[in-house]
Amino acid sequence: MNEVATSAHFKENAHEALTDARLQGALGFSRNFVGRRAAAVARLPEFDALRDSARAIKDHTLAHLDLYLEAYERKVRESGGEVHYAQDAEEARQIVIDLCKSMGAKSVTKGKSMISEEIGLNHALEAAGIEAVETDLGEYIIQLRGETPSHIIAPAIHLTAKDVEQEFRRAHRDLPPDRSLAEPEQLLSEARQVLRAKFLAADVGITGANFLIAETGTSIIVTNEGNGDLTQILPQAHIVIASIEKVVPTLEDAAQLLRVLARSATGQDASVYTTLSTGPRRPHDPDGPRAYHVVLLDNGRSAMLGGEFEDMLRCIRCGACMNHCPVYQAVGGHAYGWVYPGPMGAVLTPSLIGVAEGGQLPNASTFCGRCEEVCPVRIPLPNMMRHWREREFERRLSPAPLRYGLGFWAFFASRPALYRLSADLAARAMHLAGRGKGRFSWLPFAGGWTRYRDLAAPEGATFQSQWRARSGAVR
Amino acid sequence: MNSREAIFASIRRSLAVHGDEAPRRFEVETRLKEAPPGVVPKRGQGDLPARLATFKAEAERAQASLAEIADWAGAPAEIARFLRENNCPATLRMGADPRLAAMPWSETTLEVLHGPSDGRDVNAVSAAFAAIAETGTLALVSGADNPTTLNFLPDNHIVVLTRDAILGDYESVFAKLRGAYGKGGAPRTLNFITGPSRSADIEQTLLLGAHGPRRLHIVIVG
């Protein structure tokens with residue numbers, strides 16, 4: 001079982017999101033990403049060449065994934081760490097819980113990890129009697145609210161400072177109730193104080209990985225807060241949870257990807273902390289974890305290799321596609337109903353939880369193409385959404401009116417003479433019917449469209465017949 | 001079949017390979033051995049004065065503060081000045097780095113503590129392994145000389161760096177790392193640090209001092 005999905009109800013979710021005034025206000029903040037990325041890209045003439053390089057590295061690694069995983073695993077063991085394999089979410093959760101129990105862990109701090117969200121790790125840890133504390137500020141806030149992230153790099157972007165203040169007052173009962181939390185600085189400083197105690201007390205630290213390096217057996221995390229570092233250096237053990245496609249060959253390859261990651265994500269030239277971790281602490285090290293474990297998760301990814309969704313495995317989770325998506329900007333991340341929102345989520349979700357559950361998401365696109373334009377590893381996201389739509393149609397998963405409607409339209413569209421004739425008749429009929437007002441505020445079978453705007457009445461003749469008449473006149 | 005075998009079998013089924021193909025293995029071994037550099041931005045390149053200028057500009061963009069001093073012996077006075085001007089207590093924690101140990105700390109009134117941090121230190125000083133002009137980034141390696149906890153727990157992190165350790169790019173740091181730890185080897189932790197800790201998770205407002213240091217002060221020697 002993965003984290004529970006409501007992706008099948010995208011339409012209802014989106015409708016709710018659009019009428020939620022508070023959410024609509026908060027979503028404005030996500031628009032800052034666009035300008036910041038553009039400015040960072042403008043400062044680096046090699047950016048597009050780096051994107052090509054990043055894409056080639058990912059393609060090369062995926063084509064040799066079995067061999068790079070073997071090399072990576074060997075190096076992790078050499079440096080004193082252990083590698084565990086999980087075929088699905090259930091197995092990954094069990095491995096993490098067994099590791100925690102074997103070390104007698106009562107509390108766990110966590111760096112931000114989308115894989116942890118994907119496998120629903122926090123609930124499982126709590127159910128096993130282990131306290132799990134998210135330490136990324138955004139993740140901490142949504143954990144207090146019992147929510148999933150609404151953005152893969154800015155998990156609490158759907159909230160305002162006022163929401164955060166309310167949550168902190170509810171959760172931090174032992175702090176003076178009359179304290180001021182009016183400024184974002186005060187909220188940050190309170191979170192720092194509360195979480196500092198958690199960092200120092202934790203038995204195990206769990207982080208994700210942005211990249212795994214086969215050459216050295218290293219895991220890389222990228223953060224701005226430093227929470228991922230405190231998570232991994234203070235407790236007795238560091239557990240890394242990562243999916244199998246995170247591996248890259250060498251340190252140099254990781255540097256190519258890091259150069260496009262921060263710029264595409266937050267518009268920074270480099271994130272504040274890029275941390276390379278290899279094995280447990282060395283014999284003479286005065287700090288760092290005494291045990292180092294890596295849990296490698298498949299959860300459907302190996303089956304995507306070699307198929308039409310293989311390109312999606314290049315994704316480095318920067319969030320640029322959602323930052324530039326008009327649909328995401330209108331409805332926010334929660335409407336997508338699972339872990340991964342926006343265009344990358346629309347492609348990945350059906351792959352991971354099935355087209356029956358996630359098949360609605362590829363329809364949540366205007367095909368404007370901005371996601372592909374900004375993707376640092378050039379994933380053809382609109383094309384892949386189209387593939388999913390075709391599958392959904394073939395498998396008869398789309399609603400009946402849509403399927404019959406499309407069949408009806410295809411009957412005419414594939415018979416040009418008939419199409420022209422009926423379009424001509426329809427245009428004339430609508431011209432006559434709409435003569436009075438010159439527009440329609442309601443039309444049969446088009447209520448969804450006319451609910452929000454009027455349709456202008458046709459002028460009588462179709463474009464094609466007008467064109468024929470005009471070119472005849474010129475001759 | 002255990003999960004490891006099942007995942008490898010599934011990968012190989014999807015890729016239509018059996019895993020023993022000599023050309024594939026050769027290609028992977030070559031890449032791991034040669035580690036080709038890819039596209040390296042021009043921004044960080046140039047001679048030492050050029051790299052120093054780029055490093056300073058980029059580090060300041062990332063909200064680090066900077067000072068340049070002539071020799072290691074001048075570091076305690078500069079660090080004392082920085083702490084005084086920022087109204088910080090006159091205490092300082094450091095690891096066993098011989099370059100830091102050799103400094104004339106007794107010429108200042110700073111109370112110097114040694115070893116890793118347990119979270120109660122306000123100030124710490126580390127010596128950097130290298131720095132990267134391209135992004136104004138410091139590279140610090142774990143060990144008894146410079147414990148990793150000093151990079152994250154104190155409010156103020158001061159990093160001393162020799163001028164000639166300012167390299168152009170990440171690739172040059174990797175070359176230096178291979179010199180120190182052997183090809184394929186690595187310290188437990190390599191921290192690339194660009195500016196002080198920050199978060200923009202509340203309304204996308206950028207605030208310094210999230211979980212790590214609120215201030216990062218870089219002292220360049222030489």
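This is a predicted model: local features need pLDDT of at least 70, side-chain atom pairs count only at pLDDT 80 or more; totals for chains, interfaces and linings use all residues.
Residues are numbered from 1 along each chain as its sequence is written, while chains are lettered from A and ligands numbered from 1 in the order in which they are written.

**Exercise 1.** Find which residues of helix H4 (residues 75-85) of chain B are buried, and explain why they line one face of the helix.

*Solution.* 
- Start with the terms: helices (H or I, at least four residues) and strands (E, at least two) are DSSP runs, numbered from the N terminus.
- A residue is buried if 20 or more other C-beta atoms lie within 10 Å of its own, exposed if 12 or fewer, and partly exposed in between, with C-beta atoms placed from the backbone.
- In H4, the buried residues are Ala75(B), Pro76(B), Ile79(B) and Leu83(B).
- Looking down the axis of H4(B), these residues fall within an arc of 95 degrees (taken from the directions from the helix axis to the C-beta atoms), so they line one face.
- Turned away from that buried side are the exposed Arg81(B) and Glu85(B).

**Exercise 2.** Work out how strand E6 (residues 137-141) of chain B is covered and which residue stands opposite Val141(B).

*Solution.* 
- Five of the five residues of E6 are buried.
- Thr137(B), Ala139(B) and Val141(B) lie on one side, with Leu138(B) and Leu140(B) on the other.
- E6(B) pairs (at least two DSSP bridges) with strand E9 (residues 189-193), antiparallel, over four bridges.
- There, Leu190(B) in E9(B) stands opposite Val141(B).
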